[in-house]
Amino acid sequence: MVTQENLTSQIFTVTAIIQKKHPELYLLLNETPLFLSCKKNNVCIWDLEQYLESIKIQLITFDKVN
C-alpha cells in the first residue's frame, strides 16, 4: 500500500542521491514544475507520486548525460 510516509521517504532518498551525485541538479529541484507548496493545504498521494516520478526522471536523464 502506498502511503504518504512511504512516498516522502522515497522522495528523500532520491533527493539525497541527487544531492550527492549531482549537486548542480540538486540546486535546480526548486524549479521542478510540480513542487509541493506550503500554501497547499491538502497534499495528496497523487501529488507525491507525480513529484517522485519527476525527480526520478530528472536523475535518470542527468545520469545518462554525464
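## Basis

Residues are numbered from 1 along each chain as its sequence is written. The model is predicted, so local features need pLDDT of at least 70 and side-chain atom pairs pLDDT 80 or more, while totals for chains, interfaces and linings use all residues, and side-chain values use heavy atoms, without hydrogens and water.

## Helix 1

Helices here are DSSP runs of H or I with at least four residues, numbered from the N terminus.

Leu 7, Ile 11, Val 14, Thr 15 and Ile 18 of helix 1 are buried (under 20% relative accessible area; exposed is over 50%, partly exposed in between; 1.4 Å probe, protein chains only). They lie on the same side of helix 1, because their arc around the axis, taken from the directions to the C-beta atoms, is only 100 degrees. Glu 5, Phe 12 and Lys 20 are exposed on the other side.

## Salt bridges

The whole structure holds 2 salt bridges (a side-chain nitrogen of Lys or Arg within 4 Å of a carboxyl oxygen of Asp or Glu). One joins Lys 21 and Asp 63 at 3.2 Å, N to O. This pair links helix 1 (residues 4-21) to helix 3 (residues 45-65), across 42 residues. Lys 21 is partly exposed at 46%, and Asp 63 is partly exposed at 30%.

Lys 56 also forms a salt bridge with Glu 53, at 3.8 Å between the closest N and O atoms. These two are about one helical turn apart, because 3 residues separate them in helix 3.
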